[in-house]
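Here is a short briefing on one predicted model. Please keep the sequence and the structure open while you read.

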Amino acid sequence: MKTPVERDAPVDQYGPERTFAALPAARGRAFARSWWGLAWLKALEDTALDGEQLKLGRRHARAGAVGAVSVRPGRITAVVQDRDHTRHRSDVLLQQLSTADWDRFLDMVADRAGHIAALLDRDMPPVLVEDAAAAGIELLPSIGDLESACSCEAWDHCAHSAALCYQLARLLDEDPFVLLLLRGRGEEDLLGELQARSAPRAAPAGGAVRPTAGVPAAEAYAARGILPPLPAPPPAVPAPGPAPALGGGTPPAPGVEVAALEFLAADAAARAQRLLADALSARHPDSPPPPVLTPEQDAVRLAAAGPGEPATARLAAGSGRTPRSLALAVRAWEFGGTAGLAALEEDWTPEPDELARARDRLAGAWEEGEARPRLRAVGNRWTVVGGGAQLRYGRDGRWWPFRREHGRWAPAGPATDDPAGALAGVSDAGRDADHDGLGPGRPREG
């Protein structure tokens, strides 16, 4: 669909041309937001030798000094006006793809319905560019690919050609077909070729359904309007299946722990059953996806399931923890999952506004006349002076209780919105002076 500011016209020796009316001034906004528009600007900024000319070109483009932009295969053209009202015709050249390159590109796109759907949506997903690169076709320019020619007779990118490139980035943001035209094919010609190549693939001789390779989920979603409906969802599974017995009487390979593998298989089956149950539930469309665990967090999750001493020792070593610190991490996990683990292992300082809110919460946590503990604050941690209890303020605004155990702070319960209630649930573990060497009444921050 053409906008009111654009026209297509044939140009005898260059093929199709698209002309875009002069864009308004762009003060206070980025020239490009799409990743391909940013890649275009990076090619310019990596190629140009004079940073001052680029800076002046940005000013020209922001001020609306670039006239109508003509785009045709291999070339963009515009008249750019200097501050003294001198006008210069500026051209930027980009090499066209060869006929063989276009054949490979069109075959690749025709094989992937998601690529066609993305282009029709005026989108250029990274996977399309990656697939093209794998076929030996570089769609996006890189360093040295953008050449300039300007009536100001500068030998490198001048302020006028830079302004033209910055302005084109705005056009590319709206329509990646502009880039494909620069590489040699207009939108109408390209879509006609794709339709001609897609038809035989969609209806092979004999009516047999030709198997196709899978596509990334993002592409399948983009192509939802042209793909057949999904099959019915699978039935729910009431419980995970039993883990396989892997021993079988055959001695395992050196370094392989059969019990650990059986534990991992059982864990995978349990997780799959929970994921399927969640996907089939009525609340699934409105639920955020579960957080992706880091290897260190997943080691704690696995250790919390009790895989046995050898596997637990390997999980401790693999996650950079001692057996004792892993045991504390497991306790934190059982109290609050990733948030509980963060309360144990993260040491951070709230921003001033957040810190003020936390102090207000503490000030109002005890009723008048109640015994109020004396607290010493360091970062997000408030320690009872002369006692073995501590409150840790979480990033979600909740309070985590900790108690002093054998010289270390250990999780003592789940998070709560009430700091007084959190402290009330922690039995006084004593001053622990024998462990920290700080003397009575001075528990060590941990």
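His85 is exposed, with a relative accessible area of 58%. Exposed means over 50%, buried means under 20%, and partly exposed lies in between (1.4 Å probe, protein chains only). This is a predicted model, where local features need pLDDT of at least 70, side-chain atom pairs count only at pLDDT 80 or more, and totals for chains, interfaces and linings use all residues. Residues are numbered from 1 along each chain as its sequence is written, and side-chain values use heavy atoms, with hydrogens and water left out.

- His85 is not a glycine, yet has a positive phi of about 75°.
- The loop that holds His85 runs between strand S4 (75-81) and strand S5 (87-93). Strands (E, at least two residues) and helices (H or I, at least four) are DSSP runs, numbered from the N terminus.
- Arg122 also is not a glycine, and has a positive phi of about 60°.
- Arg122 sits in the loop between helix H4 (113-120) and helix H5 (126-134).
- Arg122 is partly exposed, at 22% relative accessible area.

**Nonpolar surface patch**

- Leu246, Val256, Leu261 and Leu264 make up a nonpolar patch on the surface. Together they have about 310 Å² of accessible area.
- Patch residues have over 30% relative accessible area and no salt bridge; nonpolar side chains (Val, Leu, Ile, Met, Phe, Trp, Tyr) are joined within 5 Å, like charges within 9 Å. A salt bridge is a side-chain nitrogen of Lys or Arg within 4 Å of a carboxyl oxygen of Asp or Glu.
- Leu246 lies in the loop between helix H9 (217-222) and helix H10 (258-280).
- Leu246 counts as partly exposed because its relative accessibility is 41%.

**Second largest pocket**

- The second largest pocket has a volume of about 460 Å³. A pocket is an open set of points on a 1 Å grid over the protein atoms alone, with protein on both sides within 12 Å along at least five of seven lines; lining residues have an atom within 4 Å of a point.
- Its lining includes Arg271, Asp278, Pro290, Leu293, Arg301 and Trp333.
- H10 and helix H11 (295-304) each give two or more residues to this lining. H10 gives the most, with four residues.
- The lining divides into six nonpolar, no polar and five charged residues.

**A residue of H11**

- Ala299 is found in helix H11.
- Ala299 is buried, with a relative accessible area of 6%.
- Ala299 and Gly320 are 21 residues apart in sequence and 10.0 Å apart in space, C-alpha to C-alpha.

Methods: Accessible areas come from the Shrake-Rupley method with a 1.4 Å probe; for residues, only the protein chains shown count as cover. On a 1 Å grid over the protein atoms alone, a cavity is a set of points where a 1.4 Å probe fits but cannot get out, and a pocket is an open set with protein on both sides within 12 Å along at least five of seven lines; lining residues have an atom within 4 Å of a point. Grid points are joined across faces, edges and corners, and a volume is the space filled by probe spheres set on the points. Ala, Val, Leu, Ile, Met, Phe, Trp, Tyr, Cys and Pro count as nonpolar, Asp, Glu, Lys and Arg as charged, and the others, Gly among them, as polar.
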